[in-house]
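Please look through the following structure with an eye to how its side chains pair across the fold. The paragraphs below take up one contact first and then widen the view.

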Amino acid sequence: MLGTASPGAPVPPAPRGSGASARGRRRLRRSPVPLALAAGVAALALLPLGYIAGYTVDVGWSGVRELVLRPRVAELLWNTGRLVLGTVAVCAVVGVGAAWLVERSTVPGRRIWHVLLVAPLAVPAFVNSFAWISLLPGLDSYAGALLVVSLSYFPFVYLPAVAAFRGLDPALEETARGLGLSSWAVFARVQLPQLRVALLGGGLLVALHVLAEFGALQMLRYPTFTTAIYDQYRATFNGPAATMLAGVLVLLCLFLLIGELRLRGARGYAGSGRGAVRPVRLAALGRLTGPALLALAGLVAAALLVPLGGMAYWSLAGASSSLDVADLAATTASTLALAAAAALVTTAMALPTGWLAVRARGRVSTLLERATYVGSAVPGIVVALALVTLSIRTTPWLYQTVPVLIAAYAILFLPRAVVPVRAAVEQSPPLYDDVAASLGSSGADRLRRVTLPLLAPGMGAGAALVFLAVVTELTATLLLAPTGTATLATAFWSASSAFEYGAAAPYAVVMVLLSAPATVLLSRDTRRGLVP
């Protein structure tokens, strides 16, 4: 996951009948193998939605009414809805406020604060929950759930807000100040409207992550659809009830996606040209410098120092009796092996989709590319439940095997590979491939000697993103991992569920250490525009 930036919208196809569209259709007809592979990838990504839809049709309206229209579902809807709304609101205020202080104010140490505000992305939400609940056992309430998930996910709003602030035209702000507006009025009337897209996009990411969150909320004993689906399946193996709950959860995700598109609208704020870049005039905080520093320090302490301190405390407390170095090493090795296999498979699956999206632009290639984004919007518990049911019914010999687990990882994290691969294809000119073909090189030879070397940087970036996401994935792994196979996330979960915090802490430490490099690179990339 890091997935810290959202996938860019695919380039729209040219109008029908245009030269570009005609060339795309001709190239699509000349590329039957990539087209078939991309169609297979899209079918896999849509598998969970297809399963839910098909199961709903089989159950019928009477079955849906019996399983969905009941008090328990209403309670879960209330719990999930208010947590999503509360978390989005808190993350919006915290993320935009922190971004404004770092990008538009004279708060001291802005570069350092930026790195510290991105660093919580290295700590999985369930590890954050573990630290808080082990230190404050009475945190199992709505307020506790709101606190933990907000501290885990506010960087999803902070990062796009920082990027948006950096792209604003300072001339508009200077004009507003010249008209006598205060710093607060400039923010409210000039800057905030231009943050609309970034705020909606970050809010959507937060909402989807909260809907999919399992580990953190299960530790806090806060029931949502995700925790209820897991409990229903594990306790009674009640497929129909769990599947109908999954259907409601998918509908909530689709509602959020459609709502974000409607709220975003078609209004744009881009200037007609960059012109000379004006220096940004930072707002002087004056007497508010102390409170601003205190607020940033409190946020960093709660989001970063508490989980790191909790892991350090329990690692030291359990070092003498609970730490099994051999088991930790074996679990780390199995996690790295699964992550490497998933990264390799997912990146290979992203190659035909990314290639067609650029080289054969058109409606078909665009739909195939967008289909790969659907899986990432579906909670991991739904993907796992669909693969569990389908494997048991159709291929029981594949149930709880590594291929099914890798398929789940691919569905969940395909966009993390598709976006970098697509960008690499955009930057590699097709001339080299055409010249090799004119010289008589076969398709396989051109792929090996021309295409793959050109796309290697993008494929490497996508593989790294998938690798890091798999290292900390919990929900799908709990349901699909082969018997006897443990990852860092599942081993941490088993120990923490048994209240063996000393035994759980080392697994959390390793997960954070593995996630840290990507977070550091992300913070280095986004801080380049900061004015000293």
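This is a predicted model: local features need pLDDT of at least 70, side-chain atom pairs count only at pLDDT 80 or more; totals for chains, interfaces and linings use all residues.

The side chains of R221 and D140 form a salt bridge, with 3.9 Å from N to O, where the term stands for a side-chain nitrogen of Lys or Arg within 4 Å of a carboxyl oxygen of Asp or Glu. With a relative accessible area of 51%, R221 is exposed, whereas D140, at 34%, is partly exposed; buried means under 20% relative accessible area, exposed over 50%, and partly exposed in between, with a 1.4 Å probe and protein chains only.

Residues are numbered from 1 along each chain as its sequence is written, and side-chain values use heavy atoms, with hydrogens and water left out.

How many salt bridges does the structure hold? It holds 3, and in general side chains of opposite charge can pair when their charged atoms come close. The side chains of E369 and R422 meet in one of them, at 2.9 Å from N to O. Because E369 lies in helix α17 (residues 363–377) and R422 in helix α19 (residues 402–427), this pair ties together parts that are 53 residues apart in sequence, and both E369 and R422 are buried. E75 and R72 form another salt bridge, their closest N and O atoms being 3.3 Å apart. E75 and R72 are 3 residues apart in helix α4 (residues 71–104), which means that about one helical turn separates them. E75 is partly exposed at a relative accessible area of 38%, and R72 is partly exposed at 36%.

A charge also meets a ring in this model, since the charged end of R82 sits over the ring of Y142, 4.3 Å from its centre; the criterion is that NZ of Lys or CZ of Arg is within 6 Å of the ring centre and within 35 degrees of the ring normal.

Aromatic pairs are counted when rings of Phe, Tyr and Trp (its six-membered ring) have their centres within 6.5 Å, with planes under 30 degrees apart called stacked, over 60 edge-to-face and the rest tilted. By this rule there are 12 aromatic pairs. F130 and Y501 make an edge-to-face pair, 5.5 Å centre to centre and with 65 degrees between the planes. This pair links distant parts of the chain, F130 being in helix α6 (residues 125–135) and Y501 in helix α24 (residues 501–526), 371 residues apart, and both F130 and Y501 are buried. F214 and W493 form a tilted pair, at 5.3 Å centre to centre and 45 degrees between the planes. F214 lies in the loop between α11 (196–212) and α12 (215–219) and W493 in helix α23 (residues 488–497), so the pair ties together parts that are 279 residues apart in sequence. F214 counts as buried at 1% relative accessibility, as does W493 with a relative accessible area of 9%.

Contact means heavy atoms within 4.5 Å, and among the contacts with a separation of 6 or more, 84% are between residues 24 or more positions apart.

Confidence is given by pLDDT, the predictor's confidence in each residue from 0 to 100. The mean pLDDT of the protein chain is 81, and 82% of its residues reach 70 or more. Confidence is lowest in helix α1 (residues 19–29), at a mean of 56, and highest in helix α7 (residues 142–153), at 95. Over residues 1–18 pLDDT stays under 50, and the model has 40 contacts beyond four places in sequence for them.

Technical notes
Helices (H or I, at least four residues) and strands (E, at least two) are DSSP runs, numbered from the N terminus.
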